[in-house]
Amino acid sequence: RRGRSAEVRELLGRVDAAWSRFECPYIRELIKIEEQARGIVLDVIELDKKVCLVEESSGKDASDDAQAARVIAEGLVGAFEALRRYFRQAAQHLERVDPYLANNAGVV
C-alpha cells in the first residue's frame, strides 16, 4: 500500500509541474494585457489633467480653445490606435475573447 501512495504522490507532482508550465505563460499574458489596459487609462487621466489645466488657465482665448481641442483629439486618436492594436492581438487568440467586450482587459 505504501508503494501505491508514493506512486500517487509522484503522479500528482508531475501533473502539478505540467499545470505550472501551462499556467505561467497564460498568467504572464494576462498581466501584460492588464498593464496595457492600465497604461491606456493612465494616458487618458494625464490628458484629462492637461485639458483641465487649459480650461482653468486665466486669460483663456481662442488659442487656448485650440490647444484644448488638440489635446482631446490626440487622446481620442491614441485611444483608437490602442483599440486597433488590441483587436490585432485578439485576432491571434479569438478563443480568449469574451463576447461581452467589457470583460476583455484590453478593451476597457
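These legends describe close-up views of one predicted protein model.

**Basis of the views.** Numbering starts at 1 in each chain and follows the sequence as written, and side-chain values rest on heavy atoms, without hydrogens or water. Because the model is predicted, local features need pLDDT of at least 70 and side-chain atom pairs count only at pLDDT 80 or more, while totals for chains, interfaces and linings use all residues.

**View 1. The protein chain has two helices and zero strands.** Helices (H or I, at least four residues) and strands (E, at least two) are DSSP runs, numbered from the N terminus. The chain has 108 residues, and 12% of them are buried. Buried means under 20% relative accessible area, exposed means over 50%, and partly exposed lies in between (1.4 Å probe, protein chains only). Accessible areas come from the Shrake-Rupley method with a 1.4 Å probe; for residues, only the protein chains shown count as cover. Among contacts (heavy atoms within 4.5 Å) with a separation of 6 or more, 38% join residues 24 or more positions apart.

**View 2. Arg4 and Glu7 meet in a salt bridge.** The N to O distance between their side chains is 3.5 Å. A salt bridge here is a side-chain nitrogen of Lys or Arg within 4 Å of a carboxyl oxygen of Asp or Glu. By this rule the structure has three salt bridges. Arg4 and Glu7 are three residues apart in helix α1, so about one helical turn separates them. Arg4 counts as exposed because its relative accessibility is 56%. Glu7 has a relative accessible area of 48%, so Glu7 is partly exposed.

View 3. Glu10 is partly exposed, because its relative accessibility is 47%. Arg14 reaches 54% relative accessibility and therefore counts as exposed.

**View 4. Glu46 and Lys49 are joined by a salt bridge.** Their closest N and O atoms are 3.4 Å apart. Both residues belong to helix α1; they are three residues apart, so the separation is about one helical turn. Glu46 has 41% relative accessibility and so counts as partly exposed. Lys49 is also partly exposed, because its relative accessibility is 46%.

**View 5. Trp19, Phe22 and Tyr26 form one aromatic cluster.** The structure holds three aromatic pairs. Trp19 and Phe22 make a tilted pair, at 5.1 Å centre to centre and 45 degrees between the planes. Rings of Phe, Tyr and Trp (its six-membered ring) pair if their centres lie within 6.5 Å; planes under 30 degrees apart count as stacked, over 60 as edge-to-face and the rest as tilted. Trp19 and Phe22 are three residues apart in helix α1, about one turn of the helix. Trp19 counts as partly exposed because its relative accessibility is 46%. Phe22 has a relative accessible area of 48%, so Phe22 is partly exposed. Phe22 also pairs with Tyr26. This pair is stacked, with 6.5 Å centre to centre and 10 degrees between the planes. Phe22 and Tyr26 are four residues apart in helix α1, so about one helical turn lies between them.

**View 6. Tyr26, Ile27, Leu30 and Ile31 make a nonpolar surface patch.** The patch covers about 320 Å². Patches are made of residues with over 30% relative accessible area and no salt bridge: like charges are joined within 9 Å, nonpolar side chains (Val, Leu, Ile, Met, Phe, Trp, Tyr) within 5 Å. Tyr26 has a relative accessible area of 38% and is therefore partly exposed. Leu30 lies in helix α1, which spans residues 2-56. Leu30 counts as partly exposed because its relative accessibility is 35%.

**View 7. Arg38 and Ala105 are 8.8 Å apart in space, C-alpha to C-alpha.** In sequence, 67 residues separate them. Arg38 sits in helix α1. With 46% relative accessibility, Arg38 counts as partly exposed.
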